[in-house]
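Please look over the sequence and the structure, then read the points below.

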Amino acid sequence: MATRTGPLIARGLNFPPFVRLVVAAFLVTTACATRPPSDETLPGSPTGAGPAADDLSPATLASGQRVFRFDTFGDEQFWTDTARMHEVVQKSVSPTTALSVGLKVDADAIPPDVAAAIKAGKVDLNDPATTVTLLKLNAVVGLVGTVTSVNGKDNLTRLGITCALCHSTVDNSFSKGIGHRKDGWPNRDLNVGAIIALSPAITAAQKAVYNSWGPGKYDPRFNIDGKSTPLALPPAYGLARVKNETYTAEGPISYWNAYVAVTQMHGHGNFSDPRLGINIRQAPDMVGPKLASLRAYQHSIEAPTPPAGSFDSDAAGRGRSIFNQNCLTCHVGVNNTDNNSGVLHAPGEVGQNAAYAMRTANKSYRATPLRALWQHPPYFHDGSAATLEDVVTHYNDLRRLNLSAAQQRDLVQYLKSL
């Protein structure tokens, strides 16, 4: 069995990732029964994950929110020292460029006078120095920068990433890409690969791979095996009663948080899973002690309810009956997934590409826990279904449900109501 020590830096130089914060898992479904381990003691569960029950005290939730939004787990050692992303941002990434690749800005972190100047057009949004100022204000969602002033000029000297980069967005209340944070919402605008491709530490061939992913996609194993089958960034809300937080159900939420923090973000901590041949031990551990509060905060984030008028309630009522007749075998229980009972589904049985599953421990997919489907197209693990209409058509054909066009429309309205 291969053993990796250190934060995969050597392989990261060959295949440097940016943020594989795939904390939750999304849409794949139906029938066959493989049973993966599904508790906090499975292989790879890190020391410090905490008990299965969450401490939901205000202090713990506040701590978990800080970890989710602002903790880099010491990953500056990679993103600064190895990938040299601080140089790229300092020289080349203006706010306009940052927003164009899906980075978001927290309007609540911008002082009123600065906000007024932006609205008045007095701030140059094409100047990378403005981005450095926003980082100094801790206003760029998911990025944490250390800014020092030399002879009156601000310089970005360190840069790290946090969970929020991929799993938070904003409500655009100030302008597009700038607004109040919405934690747990997947940033489907974020072009992770295009951001990675800006690093001077990677080759032209690697840049081509990263640039091929597109917005809202990320491959959380590219730096492990060198293959590329990017996934749709999943939501990190509505997780409280879902057991396994990966598309392929390797483990619960603290397992995946540790995997991502150590092997993808390149945080300074421990992760081990013999099934994947990974064994990373680093001191001090800057990940494990924070996993319990992080999990508690993630479990506290409710799935957003559909906006008023976003679906036809009468059609949704009819669609619910259709759903109950045709979909409940796999989409069972309060979270609509049979994976809570340990069930997994072979790729062929759900009509999904097997390429990603074959790179994982279980070689199968879980049925999605249906939640706020209106909020995060595209669907399926790889984003191959652009709309809910495409999802319904896929399963109508695959399962030979023989639903009429009207029944399919009603079913779509029900899915939009969840």
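R84 is found in the loop between helix α3 and helix α4 (85-92), where helices (H or I, at least four residues) and strands (E, at least two) are DSSP runs, numbered from the N terminus. R84 is not a glycine, yet its phi is positive, at about 60°. The model is predicted, and local features need pLDDT of at least 70, side-chain atom pairs count only at pLDDT 80 or more, while totals for chains, interfaces and linings use all residues. Residues are numbered from 1 along each chain as its sequence is written, and side-chain values use heavy atoms, with hydrogens and water left out.

**Confidence**
- The protein chain has a mean pLDDT of 88, and 88% of its residues reach 70 or more; pLDDT is the predictor's confidence in each residue, from 0 to 100.
- The pLDDT is below 50 over residues 1-51, a stretch that has 225 contacts in the model beyond near neighbours in sequence; contact means heavy atoms within 4.5 Å.

**Helix α2 with helix α13**
- Helix α2 (residues 58-70) and helix α13 (residues 291-300) have axes that come within 7 Å and cross at roughly 95°.
- Axes are lines fitted to C-alpha atoms, for helices over the stretch in contact, and angles run from 0 to 180 degrees between N-to-C directions.
- α2 and α13 are therefore roughly perpendicular to each other; angles under 35 degrees count as roughly parallel, over 145 as roughly antiparallel, 65 to 115 as roughly perpendicular and the rest as oblique.
- Residues of α2 in the contact include L61, V67 and F68, and those of α13 include L294 and Y297.
- The residues of this contact of α2 with α13 divide into six nonpolar, seven polar and one charged.
- In these classes Ala, Val, Leu, Ile, Met, Phe, Trp, Tyr, Cys and Pro count as nonpolar, Asp, Glu, Lys and Arg as charged, and the others, Gly among them, as polar.

**Helix α14 with helix α16**
- The axes of helix α14 (residues 313-326) and helix α16 (residues 405-417) come within 7 Å, crossing at roughly 100°.
- That makes α14 roughly perpendicular to α16.
- Among the contact residues are R318, I322 and F323 of α14, together with D410, L411 and Y414 of α16.
- The contact of α14 with α16 has seven nonpolar, four polar and three charged residues.

**Strands β2 and β3**
- Strand β2 (residues 143-150) pairs with strand β3 (residues 153-161) in the antiparallel sense over eight bridges; two strands pair if DSSP finds at least two bridges between them.
- V150 has K153 in β3 as its bridge partner, and V147 stands opposite L156 in β3.
- The hairpin of β2 and β3 has two residues between the strands, and in this hairpin N151 takes a positive phi near 55°.

**Salt bridges**
- The structure holds 13 salt bridges, each a side-chain nitrogen of Lys or Arg within 4 Å of a carboxyl oxygen of Asp or Glu.
- K290 lies in the loop between β10 (278-280) and α13 and D71 in the loop between α2 and α3 (76-79), so the pair ties together parts that are 219 residues apart in sequence.

**Cis peptide bonds**
- The peptide bond from A283 to P284 is cis, with omega near 0°, and P284 lies in the loop between β10 and α13.
- The peptide bond from P377 to P378 is cis, with omega near 0°, and P378 is in the loop between α14 and α15 (388-398).
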